[in-house]
Number of protein chains: 2
Amino acid sequence: MDVSCCLPLAERRVPAEAAAVLAPAFKALGDPVRLQLLSMIASAESGEICVCDLTPAFDLTGPTISHHLRTLREAGLVDAERRGTWVYYRARTGILRQLAALLTVAPAT
Amino acid sequence: MDVSCCLPLAERRVPAEAAAVLAPAFKALGDPVRLQLLSMIASAESGEICVCDLTPAFDLTGPTISHHLRTLREAGLVDAERRGTWVYYRARTGILRQLAALLTVAPAT
DNA sequence: GGACTGTCTCGACGTCTGTCGAATCAGACA
DNA sequence: TGTCTGATTCGACAGACGTCGAGACAGTCC
């Protein structure tokens, strides 16, 4: 997602092609578990966090967390890296900034 | 959605309750048609736009557009008002600002 | 009132999604 | 090599979603 986009949504109509690219990212954010996962990843002290720290934070099985992480990965919101036994996730801040920019509205006039 | 929330997602872990409230808004944005609809509404010259201007802009039936508009309404992203024969939609900028704030990431250090 | 137009609701359909348990893969370490 | 642990993939299932056609509702105008 090296989006061409990113004029604020309220500035002009977002073209169909841009919408097709951007919607999946919002869709990935559209689940409470994934929103929390992303938040835990993005707010991690060292910039990254181990799956082994994410899984026990939810009342869900490992496979389910893994599934949500894959969704975030495929939406381009996070990156994963295996180091030895553990897998670390890190947020892709570029995309987050783009999404934020898209939602930005001019202050009330 | 009079969200208590809205510390940036990367600042601290968003609590489960906040996630439950915010996720539906992102979910509503997670469809290309709704993203374009919202964009058309938010970028309308007069601040509002008639359904009769929205429907023909897509290759979808009236009921389908109506369904998407309802989804946006129920997510708190837009307001609808009937005036005579026509129904006008208008964006709720407060929520958009909150969502943008949530996604805001500190500039690279 | 009756006919017409614009919008929404209802019911149905195929598809996608969130969840799980079982099985599999990847490394570490005897 | 064999075994153990952490993470992912696979297969299945119930429920949600996007779409449509048909019908209902709200206003306007004759």
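Predicted model: local features only at pLDDT ≥ 70, side-chain atom pairs only at ≥ 80, totals over all residues.
A salt bridge here is a side-chain nitrogen of Lys or Arg lying within 4 Å of a carboxyl oxygen of Asp or Glu, and by that criterion the count between chain B and chain A is zero.

**Chain architecture**

- Chain A contains five helices and three strands, and, read from the N terminus, these elements follow one another in the order α-α-β-α-α-β-β-α.
- Taken along the principal axes, the box filled by the C-alpha atoms of chain A comes to roughly 50 × 30 × 25 Å.

**Relation between the copies**

**Interface between chain B and chain A**

- The contact involves 38 residues of chain B and 38 residues of chain A, and because 100% of the interface residues of chain B are also interface residues in chain A, the copies meet through the same surface.
- Of the area that chain B buries against chain A, 21% is supplied by B:Arg13, B:Leu35 and B:Leu103, which is more than any other three residues supply.

**Salt bridges**

- Over all chains the structure holds ten salt bridges, while the count between chain B and chain A is zero.
- In chain A, the side chains of A:Glu48 and A:Arg83 form a salt bridge with an N to O distance of 2.6 Å; since A:Glu48 belongs to strand S1 (residues 48-50) and A:Arg83 to strand S2 (residues 78-83) of that chain, the pair ties together parts that are 35 residues apart in sequence.

**Largest pocket**

- In chain B, helix H2 (32-42), strand S3 (86-91) and helix H5 (93-103) each contribute at least two residues to the lining of the largest pocket.
- Sorted by class, the lining of the largest pocket consists of ten nonpolar, four polar and three charged residues.

**Second largest pocket**

- The second largest pocket holds about 260 Å³ of space, and of the 13 residues that line it, A:Ala42, A:Gly47, A:Thr93, B:Ala10 and B:Val105 are the closest to its centre.
- Here it is chain A whose helix H2 (32-42), strand S3 (86-91) and helix H5 (93-103) each supply at least two residues of the lining.
- By class, eight nonpolar, three polar and two charged residues make up the lining of the second largest pocket.

Definitions and conventions. Residues numbered from 1 in each chain as written. Chains lettered and ligands numbered in written order. Heavy atoms only, no water. Helix = DSSP H or I, 4+ residues; strand = E, 2+ residues; numbered from the N terminus. Nonpolar A, V, L, I, M, F, W, Y, C, P; charged D, E, K, R; others polar. 1 Å grid on protein atoms, 1.4 Å probe; cavity = no way out; pocket = protein on both sides within 12 Å on 5 of 7 lines; lining within 4 Å. Points joined across faces, edges and corners; volume = space filled by probe spheres on them. Contact = heavy atoms within 4.5 Å. Buried area = accessible area lost by both parts, 1.4 Å probe.
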